[in-house]
Amino acid sequence: MQLEAGSSVRTRTLWEDAWNRFWKNKLAVIGGVVIILFFLIALVGPFLAPYDFREQDIGNQFQGPTANHWFGTDALGRDIYSRLIYGARTAAIVAIVSTTISLLIGIAVGAAAGYARGRADELLMWLTDVVMSVPGLLLAMMINAAVKRPILARLDEIYQATKNPFFLNTLWLDFALLFGILALISWPGLARLVRGQVLSIGRTTYVESARAIGASPLRILSRHVVPNALGPLLVAVSAGMGGAIVAESALSWIGIGIPPPNASWGIMLRDSLQLWRSYPHLLIAPSVAIGLMSVAFTFFGDGLNDALNPRLQQK
Amino acid sequence: MTGYLVSRVVRWSTGLLLVSFISYAMMFYGAGDPILRMFMDQQGGSIALDEQALTAIRAKYGLDKPFPQQYANYITNFFQGDFGISIREKRPVLDMVLFKLPISLQIGFAATVFSILIGIPLGIIASLNHNRWLDRFIVSSVVFVNAIPIFVTGPILLLLLVVTLGVMKVPYGWKGLFDSQIILPMIVLAMAPLPTLVRQTRGAMLEVMGEDYIRTARAKGLRERTVIVRHMLRPVMTPVVTSAGLILIGLVNGALFVEAIFSIPGFGQMTLQGIQQVDFPVIMATVMIGTLIVMVGNLLIDLIYPLLDPRITK
């Protein structure tokens, strides 16, 4: 097919191509829709929820789904539907913040290692491997045990000295620890990924040629490295967000995540796991929520990757 | 080859030392006075003791020495097998480990074998039916399994099998590797590495399928089965084995939940109790051993890798 000057055939950019491919992947699209709904609920849901997440109604404990309480009530008579909505907000915050932190660390370490090579690369990769080798739960439990107590004691001291009620509220510490722990567990994977991308893309002939004709590192980075690295990175980020939500539930189940009475899906799961044999609806709501978001993020990420880096289809 | 081996061992050993140092420092400065903790009653309130007695006890356990010396003592003791005395249970941590670790290792081993026997064939089948119904079904099921937290699938399976179907009684405690009671914990624990295995195998198969030498093998007229087993499996094993590190981590983490749910007195349960009771020696031992397991696994992978892919010479 010959393109003459002034012909009316329009070229497609990478992004348009990717968008078209993405749309064809039904599961990924559904995942994307679910994710958008999730963030919407996280943003505005609590303003529209029928009850506050702390509102107790002891007279009406353990109710199944009723007109007043669409998903029933829990052990303290709190509305499960509302707690799910507030939990979505918690989950969204946890997912975004921890993934962002681990992304920043991972990209910094991975890019530095991939670019520098040699001794610096070996050192950084050694560090990455070491952090990756400590099982995540053990790391989480240890940091929680070692870091939380002294800080709480310090805050208590300050409160005793100043009697300023500002120092009574320690919820921020639980959140900060949770973000830190989740980021600490996931940054090595991202670092390895980024390093691999920088190394492999840097070796390609088109990057070599670009360097040969004098393209600046910035141009090489933006025109060649970023678009190619984006695919696996987006998959990792998407999976990371889903993983963060599941990890928060695991940590809350052990008792070192978000503390009660706050509404997080992990806390709701923990509360339910004592009594679910008698009241299964307690277990179903949070587990469906967690499972659904994890699946949605996974499919969405996979779809993004397939759209940006299509593998050759067999037959 | 020996140079490679030595360098890997050095690498992982120094890594372990770094982990030990940071853990010890964190526990030392953060976990509170172990002597006070030793004399706490069950509810956590402290029993009054005069300062002289406390100082004497501290000296006896070497806890009045400066941090570097305590750390050095701990490390030398650790590598001679002395993990200290559990503050709560007042017996050597080594005894606890020797009793509980084999239990977890057995369950972990059973779960791994089960996972491999199911996961790799599933991955192969999925890749052979790429983008058709079977492939999508397998991938979706595996993603669903991965999405539901392990401490949810456990109780749900328990409910299904014990209450609804009445197929078995509630598994409780530990009766040995070959008791049928191990089946449910093993299946639940196998859910951790299974998705990784299936996806890695499937991905690797898809990559290999388009290679020229596979086309040559088929053109030579070899049976499909021969092509798969003799020519495709070996390059496919490389990324699968590489992900064994991840799988090990998943097993160590998952064992914690499985042992808690099924009341199995294993290493995971010891870890959980150590943290809940802030038992300094137990926490150190569990972190060290957990990390050691993963590092040994990674070391083995480093050693097996050149055997699988002779192109790796460095």
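**View 1. Chain A is built from helices, 10 of them, with 0 strands.** Helices (H or I, at least four residues) and strands (E, at least two) are DSSP runs numbered from the N terminus. Reading from that end, the elements go α-α-α-α-α-α-α-α-α-α. The C-alpha trace of chain A spans about 80 × 50 × 35 Å along its principal axes. This is a predicted model, where local features need pLDDT of at least 70, side-chain atom pairs count only at pLDDT 80 or more, and totals for chains, interfaces and linings use all residues. Residues are numbered from 1 along each chain as its sequence is written, with chains lettered from A and ligands numbered from 1 in the order in which they are written.

**View 2. Here's how chain A is buried and connected.** Contacts need C-beta atoms, placed from the backbone, within 7 Å. Among contacts in chain A with a separation of 6 or more, 69% join residues 24 or more positions apart.

**View 3. Helix 7 of chain A (residues 205–212) sits largely in the open.** That's because 0 of its 8 residues are buried. After the helix comes A:Gly214, with a positive phi near 95 degrees.

**View 4. A:Glu122 is found in helix 4 (residues 118–133) of chain A.** A:Glu122 has 13 other C-beta atoms within 10 Å, so it counts as partly exposed. Between A:Glu122 and A:Leu171 there are 39 Å in space, C-alpha to C-alpha, and 49 residues in sequence.

**View 5. Chain B meets chain A, with 39 residues of chain B touching 34 of chain A.** Several helices of chain B each put at least two residues into its side of the meeting, including helix 1 (2–30) and helix 14 (280–308). That side of chain B has 25 nonpolar, 13 polar and 1 charged residues. Nonpolar here covers Ala, Val, Leu, Ile, Met, Phe, Trp, Tyr, Cys and Pro; charged covers Asp, Glu, Lys and Arg; the others, Gly among them, are polar.

**View 6. In chain B, helix 10 (residues 212–219) meets helix 11 (residues 224–242).** Their axes come within 11 Å and cross at roughly 150 degrees, so helix 10 of chain B is roughly antiparallel to helix 11 of chain B (that label takes angles over 145 degrees). Axes are lines fitted to C-alpha atoms, for helices over the stretch in contact, with angles from 0 to 180 degrees between N-to-C directions. Residues at this contact include B:Tyr213 and B:Arg218 from helix 10 of chain B, and B:His231 from helix 11 of chain B.

Conventions
Buried ≥ 20, exposed ≤ 12 C-beta atoms within 10 Å, placed from the backbone. Contact = placed C-beta atoms within 7 Å. Parallel < 35°, antiparallel > 145°, perpendicular 65-115°, else oblique.
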